[in-house]
Amino acid sequence: MKAREVRALIQVKPPRIDRRAARLDACKTIEDLHRLSRRRLPRPVADYVDGGADEELSLSNNVAAFRRWQFTPSVLVDVANVDTSTALLGRHSSMPLGLAPTGYTRMISALGEPAVAGAAARAGIPYVLSTMASTSLEDLAAHRGAGDADRWFQLYIWKDRDLTAQLVTRAAAAGYRVLEIAVDTAVSGYRVRDVRNGLTIPPQMTLKGLVDIGLRPGYWTKMLASPALEFANVTGGAGGEGYTIENITKQFDASVSWEDLARIRDLWPGPVVLKGPLGPDDATRARDLGIDGVHLSNHGGRQLDRTVAPIDLVAPVRDAAGPDFAIFVDSGVRHGADIATALALGADAAFIGRPYLWGLVAGGGAGVDKVIGLLSDQFTRTLALLGVTSIDELRKRGRTLLQQH
């Protein structure tokens, strides 16, 4: 073979001058982004993102539960055009994917919630802001690019019911479209990694943690150059001393009842969703109360350990609640095939949390774009290989395309 023929066969990719772009380009899977993010974060912060409650059994089972489903595809089907678009609670979405609420995002990256919401806006998918966010409801709504996202708000119900009502009113006034009420935080989960690392705000770090901080000056330089971290939606509490990771969950009301949900339902002008590990009975009760849907979640394994994997609740909740009740699911979504599995079982959309945080750390807003792009490509390819060309078709034929092992 002649030299010019060899050159024609072997194309050398030119090096990327932009180091961040080169790092992102080298990431071909969500797990690649995960590994990159752990290299860039101090150990205590990386563990805050990755960790779960107690023995972390739910944390590992959430991912494994998706893997227990296998596909039985249809073949010889025209899949030249696959349409992944859908409607989520009355609004168009480019695909059945949303970005779930995560607390204190600016501790993970100085770019914080606006970078995540901006990526959601570019992709045409929903973003849920947490009560525990480090960017306020109003600031996110006013942020260029981020404010264009389909913005939802996750509400924790506080002992201070006036504060709870104020949050609901503020979210509506700032243009948030959907209210998600978290119902799995009567008390805080026991997150062993955070306790061992001394991760509180302000940090009470171990010597090992302080050494790890010194090895990642880039992270801390960005943190120090940014505004002070705070729970931006609920500043000034805890007797005027401010809320911390340690004391804020003590403000959540452990006596919340169905009657309280009815009052919040009356306050909110748009769709309302309950978020937590809800079984068929609770889902039907919520539907009968006028709730528009459920977001099946065990908080990514961060609250009650040994909780059933949310993906295993989808089919029974759909059977109980009927075809017109919205069902979303998170906790364990790591691949576009997981999204397809969720919809085939009866969900309307899947949501992610940790994966977009890994992308945010790896490459800022472009890193979140990368995560969404990877999942979108994987999901589209999965549908084509299943012999399915639309979301409606996937949901109608879904259970014939799956078997569990």
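Student: Which residues do ring pairs link into a cluster here?

Tutor: In this predicted model, ring pairs join W152, F328 and F351 into a cluster.

Student: How many aromatic pairs are there by the count?

Tutor: The count comes to 7 aromatic pairs. In one of them, W152 and F328 have ring centres 5.5 Å apart and planes at 55 degrees, so that pair is tilted. W152 sits in strand β6 (residues 150-155) and F328 in strand β10 (residues 326-329), 176 residues apart, so the pair links distant parts of the chain.

Student: And are those two buried or exposed?

Tutor: W152 is buried, and F328 is buried as well.

Student: What about W158 and F252, how are their rings set?

Tutor: Their centres are 5.4 Å apart with the planes at 90 degrees, so that pair is edge-to-face. This one also links distant parts of the chain, with W158 in the loop between β6 and α9 (161-173) and F252 in the loop between α12 (217-224) and α13 (258-267), 94 residues apart. W158 counts as buried at 1% relative accessibility, and F252 is buried at 5%.

Student: Switching to the core: which residues touch the most other members of the largest one?

Tutor: L99 and L394 do, in a nonpolar core of 104 residues. Helix α17 (residues 354-386) gives the largest share of this core, 14 residues. Apart from it lies another core of 10 residues, including V128, W152, V273 and F351.

Student: What does L394 contact, leaving aside neighbours within four places in sequence?

Tutor: L394 is in contact with A340, L343, A344, F379, L383, L386, V388 and L401.

Student: Next, holes. How many cavities of 30 Å³ or more does the structure hold?

Tutor: There is 1, and the largest cavity has a volume of about 30 Å³.

Student: Which residues line that largest cavity?

Tutor: Its lining is H34, S37, R38, L41, A46, V49, D50, L357, W358 and V361. By class, that is 6 nonpolar, 2 polar and 2 charged residues. Helices α3 (30-40), α4 (43-50) and α17 each supply at least two residues of the lining.

Student: Last topic, backbone. Where is L76, which has a positive phi?

Tutor: L76 lies in the loop between β1 (69-71) and β2 (86-88), and its phi is about 55 degrees although it is not a glycine. Most residues other than glycine have a negative phi. Y104 also has a positive phi, of about 55 degrees, and is found in the loop between β4 (97-99) and α6 (105-108).

Student: Is each of them buried or exposed?

Tutor: L76 is exposed, with a relative accessible area of 90%, whereas Y104 is buried, at 1%.

Conventions. Residues are numbered from 1 along each chain as its sequence is written. This is a predicted model: local features need pLDDT of at least 70, side-chain atom pairs count only at pLDDT 80 or more; totals for chains, interfaces and linings use all residues. Side-chain values use heavy atoms; hydrogens and water are left out. A nonpolar core is a set of buried Ala, Val, Leu, Ile, Met, Phe, Trp, Tyr and Cys residues joined through side-chain atoms within 4.5 Å. Buried means under 20% relative accessible area, exposed over 50%, partly exposed in between (1.4 Å probe, protein chains only). Helices (H or I, at least four residues) and strands (E, at least two) are DSSP runs, numbered from the N terminus. Contact means heavy atoms within 4.5 Å. On a 1 Å grid over the protein atoms alone, a cavity is a set of points where a 1.4 Å probe fits but cannot get out, and a pocket is an open set with protein on both sides within 12 Å along at least five of seven lines; lining residues have an atom within 4 Å of a point. Grid points are joined across faces, edges and corners, and a volume is the space filled by probe spheres set on the points. Ala, Val, Leu, Ile, Met, Phe, Trp, Tyr, Cys and Pro count as nonpolar, Asp, Glu, Lys and Arg as charged, and the others, Gly among them, as polar. Rings of Phe, Tyr and Trp (its six-membered ring) pair if their centres lie within 6.5 Å; planes under 30 degrees apart count as stacked, over 60 as edge-to-face and the rest as tilted.
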